[in-house]
Amino acid sequence: AAGTPSDCGGHRPWQSYHTAYTNAKAGMEGVDREKVQKVAEKKILELEASRDLSKIWLHTDMDAFYAAVETLENPSLKGKPLAVGSMSMIATASYEARKFGVRAAMPGFIGCKLCPDLVFVRPNFGRYTHYSGLARKVFQRYDPNFFATSLDEAYLDITEVCSERGITGEEVASELRDAVHQETGLTCSAGVAPNRMIAKVCSDINKPNGQFILPNDRDAVTTFVSTLPIRKIGGIGKVTEQMLHQVLGISTCQEMLQKGAFLCALFSEGSTDFFLSVGLGLGGTETPEHRLRKSMSCERTFSATNDSHLLFEKLDNLAENLADDMQKECLKGRTLTLKLKTAAFEVRTRAATAQNYISSKEDILIYAKKLLKAEMPLSLRLMGLRMSHFSGEKDDSTSPTQKTLDRFFHSSDINSNTNGTNGASCIDVSGGHNDCNDATTKDECSIHDAEKDVSIDQQPSHEENSSVAEGASSVNYDNEAASSSWKVCVSTSRLKFDQRFCSQEKVTQTEKFDELGDLTSSKACASSSKPGQHFWVDGYICSLCGFELPPCFEEERQEHSDFHLAEMLQQEEAVDSTARLSKERLAERPCSTSTPTPKKKLKSSKEGKHIPIDSFFLKCNKNS
């Protein structure tokens with residue numbers, strides 16, 4: 001089998017091929033088996049030293065919770081094979097149905113083939129939440145900080161209860177199970193162990209309505225896990241189980257330690273530590289820290305349909321359920337994600353980000369309908385909504401949406417002015433005030449002519465960091481020169497765009513230099529004057545690339561426009577570098593042609609190459 005070394009000699013090196021160590025592969029001659037084995041042994045010793053047997057953890061799991069609640073509410077279902085769910089999907093099954101192979105997460109029509117007498121009951125999550133709340137009141141008596149992982153499961157640290165009352169973990173488990181049955185009429189199973197990982201395994205041993213206690217003793221723990229199948233451990237699923245078994249021949253937790261060297265060679269450090277911890281029977285012993293909820297969602301499966309009226313009706317119900325759940329926990333989110341599963345089982349997700357934090361059904365529907373309309377027409381069998389980016393998370397409230405290219409330039413300009421640059425600042429396209437110096441009027445904007453900026457006829461260095469007063473030798477633009485209502489500010493070797501640059505009054509143009517004239521030409525100032533002008537054909541088709549975006553997707557259309565704007569900046573940067581190089585070459589030529597002089601060595605051709613947009617941004621940040 002793969003992963004098992006051959007006993008044959010070295011005459012045929014491929015026969016000694018091993019998954020982790022082989023000399024038959026070029027470059028593997030230096031692999032030291034003993035060295036890797038020592039690394040594994042060192043890791044095992046370090047993990048063993050961290051073993052904590054001072055805590056007593058109890059894991060409780062309600063027995064067939066949904067089915068048990070439905071049977072409690074309707075006694076006529078008692079003893080019948082019961083499935084909570086629909087023909088599309090089963091949420092849980094009673095123990096009578098499980099004898100036929102019916103289980104959770106199984107399509108209902110398959111369950112009917114396994115058990116023809118299977119009885120279906122529609123889920124009632126309000127009812128399940130009520131009974132879960134009753135059980136949790138019992139859990140609080142034993143551990144106020146208990147950790148619930150679902151409606152029917154919880155971890156309790158009963159160390160303090162056992163110490164204060166002088167009772168064992170077995171007595172606490174029995175007492176807790178009786179109290180839950182008394183309060184809810186339902187049964188639960190429990191497992192007690194030194195850590196959470198093993199406690200969960202123990203609670204499943206004597207199901208239903210049973211318990212299993214593992215003493216806080218190292219030998220007892222290692223004996224228990226020695227024959228424990230790896231599939232019983234939370235975190236090892238079907239794929240990992242097959243990989244470990246088929247490649248390395250690992251079936252039990254003890255074999256994790258025996259093949260520790262292979263695990264160190266084949267897996268990452270985190271995965272290796274987890275596998276070796278499983279082999280040693282180690283798990284979490286501290287109460288997990290409370291984590292803020294990152295998202296909240298709801299989804300529904302239904303028969304495939306392409307009826308738009310029915311789909312929007314289901315979307316309305318989802319929005320109502322999501323809004324109710326968020327308002328119960330006083331949450332407000334900003335990013336809404338629509339999940340769709342087509343009749344062909346293709347899964348799509350579409351997201352939209354709101355300007356403000358929302359939680360009401362009406363606000364959710366505004367964005368949800370936009371996302372769904374963009375995908376129509378199509379046939380669906382599942383739909384879901386998820387809200388994320390809650391108001392409690394850390395974020396920059398001053399920038400509720402993703403930055404556009406224009407906002408990026410505006411923020412860069414603000415940062416440079418804050419650091420001591422007194423030049424005029426551009427106005428953001430979203431609005432803002434022009435912060436010119438006192439030397440300029442409110443209806444004017446000037447351009448830096450310092451040496452560190454793009455040089456304009458080599459202005460003296462004493463004018464650095466100063467704006468040019470009206471009437472001085474400077475460069476001003478009139479309305480005709482900037483007819484596209486875009487401005488290029490040349491400061492710290494970066495271009496800045498401003499849709500409201502031009503003043504309402506006519507500004508006198510005093511001088512124009514060749515280089516600046518090139519920069520402020522129609523080719524450099526505005527894309528509207530280019531042959532490849534960007535606009536939306538029929539209101540939704542990009543004229544440059546043919547990409548389709550409905551008018552309702554304002555932010556996406558803005559980002560798409562910024563993409564083409566970035567391409568234009570790249571081209572202009574390349575053209576500007578080429579033009580500057582050409583002017584330098586002309587300047588190097590002597591005025592007299594009578595005596596030929598040797599040509600000066602040209603600069604590297606890299607200056608005229610296409611510059612990636614991320615490099616362009618990086619250069620801007622360094623210069624500023």
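1. The largest nonpolar core has 34 residues, among which L58, F65, F139, L156, I158 and V172 touch the most other members. Such a core is a set of buried Ala, Val, Leu, Ile, Met, Phe, Trp, Tyr and Cys residues joined through side-chain atoms within 4.5 Å; buried means under 20% relative accessible area with a 1.4 Å probe, protein chains only. At least two core residues come from each of β1 (57-62), α2 (65-73), β2 (82-85), α5 (125-142), β6 (153-157), α6 (159-165), α7 (169-184) and β7 (188-193). The greatest contribution, six residues, is that of α5. Helices (H or I, at least four residues) and strands (E, at least two) are DSSP runs numbered from the N terminus.

2. This is a predicted model, in which local features need pLDDT of at least 70 and side-chain atom pairs pLDDT 80 or more, while totals for chains, interfaces and linings use all residues. Residues are numbered from 1 along each chain as its sequence is written, and side-chain values use heavy atoms, without hydrogens or water.

3. Leaving aside residues up to four places away in sequence, V172 touches L58, Y142, I158, V161, C162 and I167; contact means heavy atoms within 4.5 Å. C162 counts as buried because its relative accessibility is 7%.

4. A second, separate core comprises 32 residues, including M326, A354, L372 and F390.

5. The structure contains zero disulfides, a disulfide being a pair of cysteine sulfur atoms within 2.5 Å. C253 has 0% relative accessibility and therefore counts as buried.

Technical notes. Buried means under 20% relative accessible area, exposed over 50%, partly exposed in between (1.4 Å probe, protein chains only).
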